Amino acid sequence: MKKALILSAALLMGPAALFAQKNVEFSVPYEFQPPHYVCYRAPQAVVIDGNIDTPEWADVPWTSDFVDIQGKNRPVTPRHRCRAKLMWDDRNLYIAAEMIEPHLWATLTERESVIFQDNDFEVFLDVTGSTHHYMEFEVNALGTEWDLMLTRPYRDGGAPLNAWNMNGMRSAVKLYGTLNDPSDTDDKWTFEMAIPLSTLLEVQYGKREIEDGEQWRLNFSRVQWQLDVKDGRYAKKPQTPEDNWVWAPSGKISIHEPEYWGFLQFSDITAGKGTAPFVWNPNEEVKWVLRQLYFRQREFRGANGRWAATPEELKASEIRVKGLAFAPTVHAAGDAYRIVAPGFDGTSWYIDNEGYVGQGR
């Protein structure tokens, strides 16, 4: 009976599926250990001027220091410290960052330039946790901005929507040193921004307010180039790649891996007035194991020219979820598939061929 079902699925997917299946030794993905951050309410009004050494930020906790984007695959400490902090109120999400920097340098002045060609600071927000329709923001030490939305990661054919803007967003930088002057040693630069919640919640289809305990996916990146001094000016060292320092590493030089981003949890507690524990949602484990099957589908198709039609072809029995009998179902037809699995608390979760992960069947 099972062979007949596989044959039927193969017929639906075309003649290529009828040839002998190649055995695939599936690779092991980078470890899933995303950091987390509890975001407290702003204690008072926030002035966006780039200065974060102010009373409203004083009791707001920092993230952990950024690490190399390759994480444990390249266990080196970034040359210069970078960290961030967040808070919120009924109108905005506020983000601040501190970048230790002995050589303040920036060249790009036109908005929507490819800012990471300079040293920059970047923010990534996945409000839905689906890995689709996530937001990106970049800024350099001149305060030049680039904001855009990604329909989905580039690996899945995602398109960058440069015409999309973070409506109402405000940002500013403050320099502790002299910009583009190699004759001295600088200290750092700081960054501050406010993003209206109404803009961020547009992808939530009708949602208007943040709930206590709500969680989003978040990452930060700092792109850093090594510099020489030529004729009294900074210049990039030739044939030297940039460094990528992030809050949540992905195990490789690719920031567009939203499943590895950290978790941002909102709290109704005012910063400095108490603390709230981060609460792990066990269904994130279900989403992660579905993502592992998505990785395997890509490898399976690369070897066999089609999507796997059964959990057995993906060796799904090798994958475990602590405290749950993981029992995925694969629905494949033509150039598409959906993998569905029961989650905790009576939920059901799925992932599809475009990498979208969500609740439902």
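Student: Which residue lies over the face of Y350?
Tutor: R338 does, at 3.7 Å from the ring centre. A charge sits over a ring if NZ of Lys or CZ of Arg is within 6 Å of the ring centre and within 35 degrees of the ring normal. Before we go on: this is a predicted model, where local features need pLDDT of at least 70 and side-chain atom pairs count only at pLDDT 80 or more, while totals for chains, interfaces and linings use all residues. Residues are numbered from 1 along each chain as its sequence is written, and side-chain values use heavy atoms, with hydrogens and water left out.

Student: And what lies over the face of W225?
Tutor: K236, at 3.8 Å from the ring centre.

Student: New topic. How many aromatic pairs are there?
Tutor: The count is 21. Rings of Phe, Tyr and Trp (its six-membered ring) pair if their centres lie within 6.5 Å; planes under 30 degrees apart count as stacked, over 60 as edge-to-face and the rest as tilted.

Student: How do F121 and F220 pair up?
Tutor: They are stacked, because their planes are at 25 degrees, with the ring centres 5.7 Å apart.

Student: Where do they sit in the chain?
Tutor: F121 is in strand β5 (residues 120-126) and F220 in strand β11 (residues 215-224), so the pair ties together parts 99 residues apart in sequence. Strands are DSSP runs of E, at least two residues, and helices are runs of H or I, at least four, numbered from the N terminus.

Student: Are they buried or exposed?
Tutor: Both F121 and F220 are buried. Buried means under 20% relative accessible area, exposed over 50%, partly exposed in between (1.4 Å probe, protein chains only).

Student: What about Y234, buried or exposed?
Tutor: Y234 is buried, with a relative accessible area of 11%. It lies in strand β13 (residues 233-236).

Student: What does Y234 touch?
Tutor: Beyond its neighbours within four places in sequence, its contacts (heavy atoms within 4.5 Å) include W105, P182 and L227.

Student: Which side chain makes a polar contact with that of Y234?
Tutor: The side chain of H103, at 3.2 Å. A polar contact is a pair of N or O atoms within 3.5 Å; within protein, one must be able to donate a hydrogen and the other to accept it, and residues adjacent in sequence count only if both atoms are side-chain atoms. The Y234 side chain also reaches the backbone oxygen of D181 at 3.5 Å.
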